[in-house]
Amino acid sequence: MTQPVVLIAEELAPSVLAVLGDGFDIRHVDGSDRAQLLPALAEADAVLIRSATHIDDEALAAAPRLKVVARAGIGLDNVDVPAATARGVMVVNAPQSNIVSAAEQAVALLLACARNIAPANAALKAGKWERSKWTGVEIADKTVGVVGLGRIGVLFAQRMSAFGTRLLAYDPYVQPARAAQIGVRLVSLDELLRESDFISIHLPKTPETVGLIGEKELASCKAGVRFVNAARGGLVDEHALAQAIKSGHVAGAGIDVFATEPCTDSPLFEFDSVVVSPHLGASTVEAQDKAGIAVARSVKLALEGDFVPDAVNVQAGGVVAPELRPALPLVEKLGRVFTALAGHVAASLEVEVRGEIAAYDVSVLQLAALKGIFTDVVEEAVTFVNAPALAADRGLEVSLTTDVDSPDYRNLITVRGVLPTGQTVSVSGTLSGTRQVEKLTEVDGFDVDLVAAEHLLFFRYEDQPGIVGRVGAALGAAAINIAGAQVSRTDKGGHALMALTVDSAVPADVLDEIATAIGATSARSVDLV
């Protein structure tokens with residue numbers, strides 16, 4: 001069997017190859033050389049890059065087999081994500097690979113700025129012993145303002161807390177209770193600027209955040225404030241900051257990022273009280289290793305058709321909340337059971353999520369359901385990227401409903417659809433107990449309590465004596481062991497459903513034999529392997 005081709009276009013950590021393992025045809029190319037890159041892409045199923053390789057529409061057109069583009073880092077300026085999405089190519093990055101390194105860089109810049117480390121180092125190496133000239137300030141008992149409480153901002157705040165500081169934060173997208181959990185008081189930007197002795201920026205670069213700290217904001221700051229920006233260039237107006245430092249209103253700054261990069265000439269370079277570095281936030285051995293490992297894992301998942309948490313062009317978007325991840329396999333199985341019960345693609349589909357997890361962005365569960373629904377329907381590998389397209393191609397209308405109220409279960413997910421005939425088919429499931437056991441709780445309105453095992457059987461029939469015995473005898477004669485069985489009915493002598501888990505797949509002729517023996521109106525087998 002031909003192995004998928006993984007093209008490594010730039011130097012990555014050695015751990016990447018270890019993660020990929022032996023199941024791939026690993027090839028190397030200089031991604032910055034288009035003459036080498038484009039021919040190499042012709043047979044690639046995946047390409048791993050850093051910042052020097054540009055994957056644009058031309059490169060995508062040269063890669064008819066390409067399924068995933070993996071960027072070992074956060075930025076995606078060198079990947080045409082819309083073009084990739086239009087071609088059904090997944091794009092992944094490593095959004096958490098450098099968060100610790102970036103937070104530590106901000107801490108390092110703050111400390112270096114507070115204690116004049118850079119100019120003292122330069123002076124001493126120049127032969128000058130100037131202890132009194134480089135007197136700094138302590139961090140303890142000072143007020144530190146954190147602008148942006150994302151993952152890096154939180155890590156920075158946690159580390160600054162160890163210095164005995166008072167922490168303020170500004171972030172319009174964070175609830176006060178969440179800030180309080182990490183020991184930070186949420187305030188307005190104006191209050192943060194007025195009260196802080198040190199201010200560190202931890203925001204993404206968007207039209208709303210560019211120039212957030214300008215001349216007006218700097219003027220409103222406490223005299224003697226020190227600024228740190230290890231997030232994105234342009235969030236702080238560099239010219240206005242230089243003027244504020246020149247006037248003495250701002251005591252100093254630690255800057256790792258600039259509005260235009262590479263930057264070798266800035267008005268900030270004139271001041272001894274400013275410590276600068278050439279965008280080193282992610283430049284640690286550990287961050288580069290994490291980035292390589294993360295995208296290698298994503299490539300494996302993508303090529304195997306599994307959910308990729310770091311896919312940037314999956315419709316659910318972003319990284320899946322840890323609270324949702326255990327539910328993904330369950331929901332995919334619900335989709336497969338639904339398809340088996342329905343026997344057809346539905347005209348409309350509803351994914352209903354109830355309980356505690358409904359408080360999160362559960363749109364990924366809709367993708368998981370679609371993946372399950374089409375896994376046994378189409379020949380191509382179904383992924384979280386192409387599942388919505390498969391639904392659209394088939395005119396399947398999909399909706400997602402949520403409700404934090406779940407009377408009977410902590411969490412309950414239902415996949416419910418209407419067939420072209422008007423018939424409604426549904427299947428529900430939950431994760432049970434501390435071991436999060438995948439269980440089916442409802443099938444077509446019948447209550448069940450059945451482990452979502454590898455091999456399932458469902459029979460619909462009119463309730464009457466002897467049915468269980470006949471089914472057991474027929475399976476026994478076929479050397480198929482029953483692991484679990486349940487019967488649910490509407491009322492005595494009414495409609496009944498028998499649901500079974502068995503140890504092996506049931507041949508179609510055996511299934512037909514049982515259906516005939518018990519007069520079943522419906523007989524379905526599902527193999528979740």
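The largest cavity in this structure has a volume of about 40 Å³. This is a predicted model, in which local features need pLDDT of at least 70 and side-chain atom pairs count only at pLDDT 80 or more, while totals for chains, interfaces and linings use all residues. Residues are numbered from 1 along each chain as its sequence is written, and side-chain values use heavy atoms, with hydrogens and water left out.

**Cavities**

- The structure holds 2 cavities of 30 Å³ or more; a cavity is a set of points, on a 1 Å grid over the protein atoms alone, where a 1.4 Å probe fits but cannot get out.
- A volume is the space filled by probe spheres set on the points, with grid points joined across faces, edges and corners.
- N229, G233, G234, V236, E238, L241, I255, V257 and L268 line the largest cavity (lining residues have an atom within 4 Å of a point).
- That lining divides into 5 nonpolar, 3 polar and 1 charged residues; Ala, Val, Leu, Ile, Met, Phe, Trp, Tyr, Cys and Pro count as nonpolar, Asp, Glu, Lys and Arg as charged, and the others, Gly among them, as polar.
- The second largest cavity, with a volume of about 30 Å³, is lined by A112, C113, N116, A118, P119, D272, S273, V274 and V275.
- Helix 5 (99–114), helix 6 (117–125) and strand 12 (274–276) each give two or more residues to the lining of the second largest cavity; helices (H or I, at least four residues) and strands (E, at least two) are DSSP runs, numbered from the N terminus.
- In the second largest cavity, the lining residues comprise 6 nonpolar, 2 polar and 1 charged.

**N411**

- N411 lies in strand 15 (residues 411–418) and is buried, with a relative accessible area of 16% (buried means under 20%, exposed over 50%, partly exposed in between, with a 1.4 Å probe and protein chains only).
- A polar atom of the N411 side chain lies 2.8 Å from the backbone nitrogen of E356, and a polar atom of that side chain lies 2.9 Å from the backbone nitrogen of I357.
- Leaving aside neighbours within four places in sequence, N411 is in contact (heavy atoms within 4.5 Å) with R354, G355, E356, I357, G429 and T430.

**Cysteines**

- The count comes to 0 disulfides, a disulfide being a pair of cysteine sulfur atoms within 2.5 Å.
- C113, one of the residues lining the second largest cavity, is buried at 5% relative accessibility.
- The closest cysteine sulfur to that of C113 is in C221, 13 Å away and therefore too far for a bond.
- C263 is in no disulfide, with the nearest cysteine sulfur, that of C113, 17 Å away; C263 is partly exposed, at a relative accessible area of 21%.

Terms used: 1 Å grid on protein atoms, 1.4 Å probe; cavity = no way out; pocket = protein on both sides within 12 Å on 5 of 7 lines; lining within 4 Å. Polar contact = N/O pair within 3.5 Å; in protein donor to acceptor, adjacent residues only side chain to side chain.
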